[in-house]
Amino acid sequence: MTDTNGARTPRRPWIVGVSGASGTPYAAAVLRALLHAGEDVDLVVSRAARLTVLDETGHPFRDAHAHEDLRRWLSAGADGTPDAFDPDVSSVRHWAAGDLAAGPSSGSYPARGMIVVPASTACVAGVALGLSKDLLQRAASVTLKERRPLVVAVRETPLHGQTLRHLVSLDDAGAVVLPASPGFYAGGSTAQQLVDFVAGRALDAAGVPHKLYRRWEGELGSARAGEA
């Protein structure tokens with residue numbers, strides 16, 4: 001990231017955790033928007049998430065080829081269209097999910113905060129209970145204890161009582177619980193627009209500027225009028 005004079009500032013990334021829930025296009029949209037905003041990113045993809053990425057995109061995500069696989073993943077649209085985007089992933093630092101000695105596992109590691117997208121119910125439970133069974137959960141726990149912003153974009157339906165209690169625990173601990181629920185008032189009619197709405201709300205919660213969706217301006221029908 002650079003300052004207003006174009007000088008490189010000390011690296012202080014956003015940590016993005018991708019769990020095994022369905023919804024990898026949400027993660028891709030958040031990552032693209034963070035990079036577009038000039039933010040540095042540390043990426044943690046859980047073991048379960050690798051299976052979901054493969055299932056939803058048809059492509060693997062491998063530690064040894066993380067940047068190559070990440071660029072291919074972020075290049076695709078939410079509907080699977082290849083080369084819909086041209087992301088620059090050079091500022092992304094990838095950490096293996098099993099690396100509990102990684103930078104984000106420590107509170108002394110400089111980070112702006114963390115976005116978990118999508119967040120599975122297993123991930124929610126692990127963070128709420130402080131299990132730290134992998135780097136994703138550990139980084140989220142560190143984010144909470146250091147009082148940094150933590151956005152948890154839970155992607156599951158329906159939700160049962162135990163998961164709801166875990167979500168309340170995360171809210172009590174200072175996290176923002178953000179269900180992956182697209183809004184239609186912004187005029188979204190394509191898969192990408194609906195995905196971008198959720199990604200944009202996650203970035204709103206983190207305080208990162210973006211232009212992913214049309215904001216409400218108090219006028220009924222304004223979104224549809226803008227499409228005319």
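User: Are Trp95 and Tyr109 buried or exposed?
Analyst: In this predicted model, both Trp95 and Tyr109 are buried. Buried means a relative accessible area under 20%, exposed means over 50%, and partly exposed lies in between (1.4 Å probe, protein chains only). Residues are numbered from 1 along each chain as its sequence is written, and side-chain values use heavy atoms, with hydrogens and water left out. Local features need pLDDT of at least 70 and side-chain atom pairs count only at pLDDT 80 or more, while totals for chains, interfaces and linings use all residues.

User: How many aromatic pairs does the rule give?
Analyst: The count is five aromatic pairs. Rings of Phe, Tyr and Trp (its six-membered ring) pair if their centres lie within 6.5 Å; planes under 30 degrees apart count as stacked, over 60 as edge-to-face and the rest as tilted.

User: Why is the pair of Trp95 and Tyr109 called edge-to-face?
Analyst: The ring centres of Trp95 and Tyr109 are 6.2 Å apart and their planes stand at 90°, so the pair is edge-to-face. Trp95 belongs to strand 3 (residues 92-96) and Tyr109 to the loop between strand 3 and strand 4, so this pair ties together parts that are 14 residues apart in sequence. Helices (H or I, at least four residues) and strands (E, at least two) are DSSP runs, numbered from the N terminus.

User: What makes the aromatic pair of Phe197 and Tyr213 tilted?
Analyst: For Phe197 and Tyr213 the distance is 4.9 Å centre to centre, and the angle between the planes is 55°. That angle is neither stacked nor edge-to-face by the rule, so the pair is tilted. Both Phe197 and Tyr213 are buried. Ring pairs also link Tyr185, Phe197, Tyr213 and Trp216 into a cluster.

User: How do you know that the charged end of Arg32 sits over the ring of Phe85?
Analyst: The charged end of Arg32 is 3.8 Å from the centre of the Phe85 ring and sits over that ring. The term requires NZ of Lys or CZ of Arg to be within 6 Å of the ring centre and within 35 degrees of the ring normal.

User: Which residues touch the most other members of the largest nonpolar core?
Analyst: They are Leu43, Leu70, Trp73 and Ile115, in a core of 37 residues. Helix 1 (24-36) and strand 4 (113-119) are among the elements that each supply at least two residues of this core, and helix 1 gives the most, with nine residues. A nonpolar core is a set of buried Ala, Val, Leu, Ile, Met, Phe, Trp, Tyr and Cys residues joined through side-chain atoms within 4.5 Å.

User: What makes strand 4 mostly covered?
Analyst: Seven of its seven residues are buried. Strand 4 is joined to strand 1 by four bridges, the two running parallel. Strands pair if DSSP finds at least two bridges between them, so strand 1 and strand 4 meet that rule. Val16 stands opposite Ile115 in strand 4. A cis peptide bond, with omega about -15°, joins Val117 and Pro118.

User: Why is Asp83 called exposed?
Analyst: The relative accessible area of Asp83 is 66%, over the 50% limit, so Asp83 is exposed. Asp83 also has a positive phi of about 55° although it is not a glycine.

User: Is Ser132 buried or exposed?
Analyst: Ser132 has a relative accessible area of 19%, under the 20% limit, and is therefore buried. Its phi is near 50°, a positive value in a residue other than glycine.
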